[in-house]
Amino acid sequence: MLDYIEIEGLVKSREKESRFIHSLGVVEVSRLLASRFNLDVREAEIDGIYHDAYRYDGGEETIALVENQGFEVFPEERKNPMLLHGALAAINFEKDCGSPVPFSMKLAVRHHTLGHKEMGKLGAVLYIADYTEKGRKHLGDEDRKRIFSRPTLEAMVMEIIDMQRPYMKKEGIKEAEVTTELYSYLEKGMEL
């Protein structure tokens with residue numbers, strides 16, 4: 001059985017203090033969203049604390065490792081292997097936890113950065129929580145209220161992508177193909 005306290009201790013030992021504080025904030029938002037949408041709160045909390053456990057790991061060799069474990073590597077991740085920290089966490093989840101981890105939790109952790117149409121409800125919770133936790137200074141209270149006022153997790157994910165697009169355009173950053181596919185999928189009324 002997955003033990004939140006043990007996983008939190010492991011994450012605390014792996015993350016810088018500022019990143020650990022971020023992870024605690026993600027847990028808080030994940031807990032609220034899971035409760036609101038009748039999802040397993042314990043699973044959401046564990047995904048929230050664990051999602052960035054491998055944030056400081058990885059390099060070029062990570063690409064082959066992730067592919068050898070059966071995960072797709074997206075073009076943006078090839079250019080910036082740091083983006084594969086979610087995949088590394090998904091790969092190491094069971095070893096680190098010392099017990100089986102549901103695939104839905106692994107998918108959530110895997111896709112928390114760029115999003116994916118197969119990330120599931122837990123993935124949506126983690127994606128939203130990672131973007132909106134109170135330590136994120138790019139958002140104000142009104143931004144958070146707007147996101148959380150949306151009636152579904154899918155609508156919240158779309159709101160976040162909509163909010164990111166002007167910044168990315170201004171900075172000359174191309175949106176990840178997998179994020180664009182996620183948005184198109186949700187725009188058609190599909191559910192996670």
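Start by selecting H85, G86, A87, L88, A89, A90, N92, F93 and C97: these residues of helix 6 are buried. Keep in mind as you look that this is a predicted model.

What covers them? Show helix 1 (4-14), helix 3 (41-50), helix 4 (60-68) and helix 7 (103-110), which are among the elements covering the buried residues of helix 6.

Now select the whole of helix 6, residues 85-97, and check its length. With 13 residues at 1.5 Å a residue, helix 6 should span 18 Å, and its end C-alpha atoms are 17 Å apart, so the two values agree. Next, click on I91, where helix 6 bends by about 45 degrees. Then step just past the end of helix 6 to G98, which has a positive phi of about 70 degrees.

**On to the pockets**

Where is the centre of the largest pocket? Select L83, T113, L114, Q164 and M168, the lining residues that lie nearest to it. In total, 29 residues line this pocket, and about 980 Å³ of space lies in it. Which helix gives the most? That's helix 10, with five residues. If you colour the lining by class, you'll find 12 nonpolar, seven polar and 10 charged residues.

Now for the second largest pocket, which holds about 180 Å³ of space. Select G25, E28, V29, L32, L33, R36, T132, E133, K134, R144 and F148 to see its lining. By class, the lining of the second largest pocket has four nonpolar, two polar and five charged residues.

**Last stop: a serine**

Stay with helix 2 and pick out S30, which is found in that helix. Is S30 buried or exposed? Its relative accessible area is 0%, and buried means under 20%, so S30 counts as buried. To see what is around S30, select A44, G48, V125, L126 and A129: leaving aside neighbours within four places in sequence, these are the residues S30 is in contact with.

Methods:
Residues are numbered from 1 along each chain as its sequence is written. This is a predicted model: local features need pLDDT of at least 70, side-chain atom pairs count only at pLDDT 80 or more; totals for chains, interfaces and linings use all residues. Side-chain values use heavy atoms; hydrogens and water are left out. Helices (H or I, at least four residues) and strands (E, at least two) are DSSP runs, numbered from the N terminus. The expected span of a helix is 1.5 Å times one less than its number of residues. The bend at a residue is the angle between axes fitted to the seven residues ending there and the seven starting there. Buried means under 20% relative accessible area, exposed over 50%, partly exposed in between (1.4 Å probe, protein chains only). Contact means heavy atoms within 4.5 Å. On a 1 Å grid over the protein atoms alone, a cavity is a set of points where a 1.4 Å probe fits but cannot get out, and a pocket is an open set with protein on both sides within 12 Å along at least five of seven lines; lining residues have an atom within 4 Å of a point. Grid points are joined across faces, edges and corners, and a volume is the space filled by probe spheres set on the points. Ala, Val, Leu, Ile, Met, Phe, Trp, Tyr, Cys and Pro count as nonpolar, Asp, Glu, Lys and Arg as charged, and the others, Gly among them, as polar.
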